[in-house]
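Here is a short briefing to read with the model open beside you.

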Amino acid sequence: MGTWNSRGLRGSTFEDFINRTNEIYLTNQLALIQKIPTPITPIDIDKKTRHITLAYFDKKSTVDYIGVVQGIPVCFDAKECNTDTFPLQNIHEHQMQFMSDFEEQKGISFFLIYYTKYQKYYYLSFREALQFWNRGMKEGGRKSFRIEELQEGYFFTSNRMLLVPYLEMIQKDMDDRENNL
């Protein structure tokens with residue numbers, strides 16, 4: 001069991017943006033995506049503020065979000081990066097296994113990475129993540145990937161309507177899958 005602390009809240013603003021985007025997608029009947037809470041057991045609660053100050057993770061979490069987009073099952077995890085290099089240690093083996101199993105069931109798995117330095121997002125497909133994962137964690141290569149290694153067409157930014165408009169990237173991913181078969 002791991003201990004919960006404020007370090008785990010690093011991506012909370014990014015997740016708030018995703019949650020708002022998901023509300024708009026639901027309102028417009030485009031997608032039903034739910035945030036999956038990480039199961040914790042509180043150990044200490046501040047009696048004045050009623051906030052949890054110490055807790056333990058009950059079990060390993062799988063992904064941050066799961067749902068369906070126009071009949072297609074999707075799952076994804078949200079990550080933030082404040083440098084040009086994304087450490088693979090930010091992705092856990094059990095997440096990769098869950099995503100692999102999800103893809104085997106004809107779902108679409110991916111990571112949304114927010115590069116805070118550039119204020120832009122990246123849609124990292126499971127296939128691309130797996131290439132980096134195998135290179136670094138399985139084959140003993142570099143245990144990170146640089147922003148320059150990523151596919152230019154999968155970077156995106158907010159627009160007037162949506163803070164994290166990732167549905168277009170899912171469509172691009174599906175088109176690329178179809179064209180590469």
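**A covered strand and its neighbours**

Strand β6 is mostly covered, with 7 of its 10 residues buried; buried means under 20% relative accessible area, exposed means over 50%, and partly exposed is in between (1.4 Å probe, protein chains only). This is a predicted model, in which local features need pLDDT of at least 70 and side-chain atom pairs count only at pLDDT 80 or more, while totals for chains, interfaces and linings use all residues. Residues are numbered from 1 along each chain as its sequence is written, and side-chain values use heavy atoms, with hydrogens and water left out.

**Overall picture**

- The protein has 4 helices and 11 strands, where helices (H or I, at least four residues) and strands (E, at least two) are DSSP runs numbered from the N terminus.
- Of its 181 residues, 37% count as buried.
- The accessible surface of the protein is about 10900 Å², and carbon and sulfur atoms hold 51% of that; areas come from the Shrake-Rupley method with a 1.4 Å probe, and for residues only the protein chains shown count as cover.
- Among contacts in the protein with a separation of 6 or more, 63% are between residues 24 or more positions apart, a contact being heavy atoms within 4.5 Å.

**Strand pairing around β6**

- β6 pairs with strand β5 (residues 65-69) in the antiparallel sense, over 5 bridges; two strands pair if DSSP finds at least two bridges between them.
- Within this pairing, Y65 has F76 in β6 as its bridge partner.
- The hairpin of β5 and β6 has 2 residues between the strands, and Q70 takes a positive phi near 50° there.
- β6 also runs parallel to β8, joined by 8 bridges, and C75 stands opposite S109 in β8.

**Salt bridges**

- The count comes to 11 salt bridges, taking a salt bridge as a side-chain nitrogen of Lys or Arg within 4 Å of a carboxyl oxygen of Asp or Glu.
- K117 and D84 meet in one of them, at 3.5 Å from N to O. This pair links distant parts of the chain, 33 residues apart: K117 is in the loop between β8 (108-115) and β9 (120-125), and D84 is in the loop between β6 (72-81) and β7 (85-87).
- Are the two partners buried or exposed? K117 is exposed, at 51% relative accessible area, whereas D84 counts as buried at 15%.
- R177 forms a salt bridge with E103, with the closest N and O atoms 2.9 Å apart. Because R177 lies in helix α4 (residues 167-180) and E103 in helix α2 (residues 93-104), the pair ties together parts that are 74 residues apart in sequence. E103 is buried, with a relative accessible area of 17%.
- E149 and R142 also meet through their side chains in a salt bridge, at 2.2 Å from N to O. Both count as partly exposed, E149 at 29% relative accessibility and R142 at 38%.
- Salt bridges with shared partners join E103, R127, D173 and R177 into one network.

**Aromatic pairs**

- There are 16 aromatic pairs; rings of Phe, Tyr and Trp (its six-membered ring) pair if their centres lie within 6.5 Å, with planes under 30 degrees apart counted as stacked, over 60 as edge-to-face and the rest as tilted.
- F86 and F145 form a stacked pair, 5.1 Å centre to centre with 25° between the planes. F86 lies in strand β7 and F145 in strand β10 (residues 144-146), so the pair ties together parts that are 59 residues apart in sequence. F86 is buried at 1% relative accessible area, and F145 counts as buried at 0%.
- F110 and Y166 form a tilted pair, at 6.1 Å centre to centre and 45° between the planes. Here too distant parts of the chain are linked, 56 residues apart: F110 is in strand β8, and Y166 is in the loop between β11 (155-156) and α4. Both residues, F110 and Y166, are buried.
- Which residues do ring pairs link into a cluster? They are Y25, Y65, F76, F110, Y123, Y154 and Y166.

**Charges over rings**

- The charged end of K35 sits over the ring of Y65, 5.5 Å from its centre; this requires NZ of Lys or CZ of Arg within 6 Å of the ring centre and within 35 degrees of the ring normal.
- K172 lies over the face of Y154, 4.9 Å from the ring centre.
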